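Colleague: Could you take a close look at one part of this predicted model for me? Please go slowly, since I am still learning how to read a structure.

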Amino acid sequence: MSAPAFFARWRVRLGYPLAIVVLILARPTPQSIFYGALVGAVGLLVRALAAGHLHKQSVLTVTGPYAYTRNPLYFGSAILTLGAAIATHSWISAILLLGYFALFYSIVMRREERELRFHHGASFDEYARAVPLFFPRLAPANLPGRREGTLFFAQYKKNREYRAAIGFLLLLLALLAIWRFRSTSRFVSNESIGASPARYSPRPSPAPTRFSGS
């Protein structure tokens, strides 16, 4: 098995143990979860728009967000990963998440590019010259024969894009549970310390009374 095929096949499976490590190292706060959720929602929106236009390899999709970047799904995933990294409130977790994405998906994108070139030939080459691989253009590419597509919820469901939203929601709930658990543990620990019996020093014995002789 070639390296690109290995990364494409194992990127999801290796993501599960990574998620466990990330959660163990996470130090979430309500603020980090909130801001991470906002960033992640942008990523989910980008992915949803892409999934609503994508027809896999049956046709070369060049409408919607695909007129800005050849990989809007993965661009949305990058934003989603950044949101998850912010939500964890941990530099180590953030480095693991972003490093995993950069390593696996850079290889996967190149592999899928070769497959699209094989299936669509010159049409894909023309598309690739006009639209960047990952970071989107500021304006949509003016491709010959391009027709503006619309977002179809049926296509969204067919591509099972709802799974990304469910997965991100579960991550946020897990981080919220971790924050709650640790906050409760600290509170109980502080209460235990405050309720410990006070240490009393022994009462000093009264000083001896001096009597003067009569």
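Modeller: His120 belongs to helix H5, and with a relative accessibility of 19% this residue counts as buried, because the cut-off for buried is under 20%. Although His120 and Leu60 are 60 residues apart in sequence, their C-alpha atoms lie 7.1 Å apart in space.

Helix H5, which runs over residues 91-120, also carries Glu113, and this residue takes part in two of the salt bridges described here. One of them joins Glu113 to Arg70, where the closest N and O atoms are 2.3 Å apart. Arg70 sits in the loop between helix H3 (30-53) and helix H4 (72-88), whereas Glu113 lies in H5, so this pair ties together parts that are 43 residues apart in sequence. Glu113 and Arg70 are both buried, and for Glu113 the relative accessible area is 10%. The other salt bridge links Glu113 to Arg110, with 3.2 Å between the closest N and O atoms. Since Glu113 and Arg110 are three residues apart in helix H5, about one helical turn separates them. Arg110, with a relative accessible area of 43%, is partly exposed.

A further salt bridge pairs Arg117 with Asp125, and here the closest N and O atoms are 2.7 Å apart. Arg117 is partly exposed at 33% relative accessibility, and Asp125 is partly exposed as well, at 26%. Through salt bridges that share partners, Arg70, Arg110 and Glu113 are joined into one network. In the whole structure there are five salt bridges.

The next thing to follow is how H5 meets its neighbour H4. Two packed helices are described by the angle between their axes and the distance between the axes. For H4 and H5 the angle is about 170° and the axes are 9 Å apart. Angles over 145 degrees count as roughly antiparallel, and therefore H4 is roughly antiparallel to H5. On the H4 side the contact includes Tyr74, Ser77, Ala78 and Thr81, while on the H5 side Phe101, Tyr105, Met109 and Glu112 are among the residues that take part. Sorted by kind, the residues of this contact of H4 with H5 divide into 12 nonpolar, four polar and one charged.

Leaving aside residues up to four places away in sequence, Phe134 touches Thr69, Tyr74, Phe75, Ala78, Phe101 and Met109.

Gln155 is placed in helix H7, which covers residues 153-158, and its relative accessible area of 11% makes it buried. When residues up to four places away in sequence are not counted, Gln155 touches Ala51, Gly52, Leu54 and His55.

Methods. Residues are numbered from 1 along each chain as its sequence is written. This is a predicted model: local features need pLDDT of at least 70, side-chain atom pairs count only at pLDDT 80 or more; totals for chains, interfaces and linings use all residues. Side-chain values use heavy atoms; hydrogens and water are left out. A salt bridge is a side-chain nitrogen of Lys or Arg within 4 Å of a carboxyl oxygen of Asp or Glu. Helices (H or I, at least four residues) and strands (E, at least two) are DSSP runs, numbered from the N terminus. Buried means under 20% relative accessible area, exposed over 50%, partly exposed in between (1.4 Å probe, protein chains only). Axes are lines fitted to C-alpha atoms, for helices over the stretch in contact, and angles run from 0 to 180 degrees between N-to-C directions. Angles under 35 degrees count as roughly parallel, over 145 as roughly antiparallel, 65 to 115 as roughly perpendicular and the rest as oblique. Contact means heavy atoms within 4.5 Å. Ala, Val, Leu, Ile, Met, Phe, Trp, Tyr, Cys and Pro count as nonpolar, Asp, Glu, Lys and Arg as charged, and the others, Gly among them, as polar.
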